[in-house]
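Me: I have a model open and want a quick walk through it. Can you take my questions as they come?

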Amino acid sequence: MKNKPLTSSEFILNEDGSIYHLHLKPGDIAHTIITVGDPDRVEDVSKHFDSIEVAVHRREFKTNTGTYKGKPITVISTGIGTDNIDIVFNELDALVNIDFKSRTIKQQHTTLEFVRIGTSGSIQPDIPLDSFVASEMAIGFDNLLHFYKDVDFLDHNFSEALRSQMQWNAHKSSPYVVTADTSLLERFSEKPFRTGITATNVGFYGPQGRTLRLQLEDSHLNEKLQSFQYKNHVITNLEMETSGIYGMAKLLGHNAISLNAILANRVSGTFSSTPKQTIDNLIVTTLDLLTHD
Ligand SMILES: O=P(O)(O)O[C@H]1O[C@H](CO)[C@@H](O)[C@H]1O
Ligand SMILES: O=c1cc[nH]c(=O)[nH]1
């Protein structure tokens, strides 16, 4: 297989040799990476570390690398949405799988482990506020994976059932379905976690069926999402990154799990009165499970 050097318009390095958006260099990241949406949440995670060796912040991408109970861990903020996930995953992968000097793809592949610690809204009445859902599968209502080849891991029968049961408007992008890494899912499937099917939406308001001043194209969107069933699966929760994370991880040969702190219940119309506490609980629980054998 030809391994030509990547051009400077595709593989973009800054003057200091760091990768374009993240401003990180090879060696700046651990092989276990926690992703969070909010840059402020990076400190909420890394304040538990034994020490921090790397701290870099550009745009919405804030990175701290250190150790927790001796285990090397990187925590990075992605900002909101799967468009940012495309940047973060391509650039983190490049840090371990592209040779920065020769600008060629390394012969030996390095696998990274990704754990998303995020917030989410539940669309089932029995998933209470402040509980934790580990995403067994993600439904991508975003468009990201459709731009890549070799996506045979997508569950087309599931997508087809969704399109037909929901009478999906063809003007919206075609939903895709992708699974978590099985061994990470096993690690995060016992109490206090429950597993679920997460819908990843392209917005927080209209795409998640919220209305402030604007009306929705489909006023029954959330009822349809709530009542959808496929092989005993129901959609449990809504957020904005998981499908991109699962899809990019599979394409690039990495392992990923998405963990959701449920802050809203869309059926009862309620929101957590202790969001910070709930996210902190998820952070501590996750760090401990990552360091248990
Ligand atoms: O709390 P984070 O990790 O940002 O996750 C959720 O919260 C944001 C919307 O408020 C979206 O990014 C959604 O995925
Ligand atoms: O309802 C919610 C809560 C957090 N994040 C989301 O994307 N949706």
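Me: What should I know about the source and numbering?
Reply: This is a predicted model, where local features need pLDDT of at least 70, side-chain atom pairs count only at pLDDT 80 or more, and totals for chains, interfaces and linings use all residues. Residues are numbered from 1 along each chain as its sequence is written, while chains are lettered from A and ligands numbered from 1 in the order in which they are written.

Me: How many helices and strands does the chain have?
Reply: There are 7 helices and 14 strands. Helices (H or I, at least four residues) and strands (E, at least two) are DSSP runs, numbered from the N terminus.

Me: And what is the radius of gyration of the chain?
Reply: The radius of gyration is 19 Å, close to the 19 Å that the globule rule gives for 293 residues, so the chain is as compact as a globular protein of that length. That radius is taken over C-alpha atoms, and the rule is 2.2 Å times the number of residues to the power 0.38. Along the principal axes, the C-alpha atoms fill a box of roughly 55 × 40 × 40 Å.

Me: What percentage of the residues is buried?
Reply: Buried residues are 39% of the 293. A residue is buried if 20 or more other C-beta atoms lie within 10 Å of its own, exposed if 12 or fewer, and partly exposed in between, with C-beta atoms placed from the backbone.

Me: What about contacts in the chain?
Reply: Of those between residues at least 6 apart in sequence, 76% join residues at least 24 apart. Contact here means C-beta atoms, placed from the backbone, within 7 Å.

Me: Which domain does UniProt list?
Reply: An unreviewed UniProt entry lists "domain: Nucleoside phosphorylase" for residues 33-266. UniProt positions are given in the numbering used here, feature names are shortened, and annotations may be inferred rather than shown by experiment. The span is 25% helix and 35% strand, and its end C-alpha atoms lie 30 Å apart.

Me: Now ligands. Which residues are around ligand 1?
Reply: Val-36, Gly-37, Asp-38, Ile-80, Gly-118, Thr-119, Phe-204, Glu-239, Met-240 and Glu-241. A residue is near a molecule or strand if its C-beta atom, placed from the backbone, lies within 6 Å of it. By class, the ligand 1 shell has 4 nonpolar, 3 polar and 3 charged residues. Ala, Val, Leu, Ile, Met, Phe, Trp, Tyr, Cys and Pro count as nonpolar, Asp, Glu, Lys and Arg as charged, and the others, Gly among them, as polar.

Me: Which residues are around ligand 2?
Reply: Thr-119, Ser-120, Gly-121, Phe-204, Gln-208, Leu-238, Glu-239, Met-240, Leu-263 and Ala-264. Strand 7 (113-122), strand 12 and strand 13 (255-265) each give two or more residues to that shell. Strand 7 gives the most, with 3 residues. The shell around ligand 2 has 5 nonpolar, 4 polar and 1 charged residues.

Me: Switching to helix 1. Which of its residues are buried?
Reply: In helix 1 (residues 39-46), Arg-41, Val-42, Val-45 and Ser-46 are buried. Seen down the axis, they fall within an arc of 135°, so they line one face of the helix. The arc is that of the directions from the helix axis to the C-beta atoms.

Me: What covers them?
Reply: The cover includes strand 1 (32-36), strand 2, strand 3, strand 4 (71-77), strand 7 and helix 7 (275-291).

Me: Is Gly-196 buried or exposed?
Reply: Gly-196 is buried, with 24 other C-beta atoms within 10 Å. Gly-196 is in strand 10. Leaving out residues up to four places away in sequence, Gly-196 touches Val-133, Ser-135, Glu-136, Thr-236 and Asn-237.

Methods: Two residues are in contact if their C-beta atoms, placed from the backbone, lie within 7 Å.
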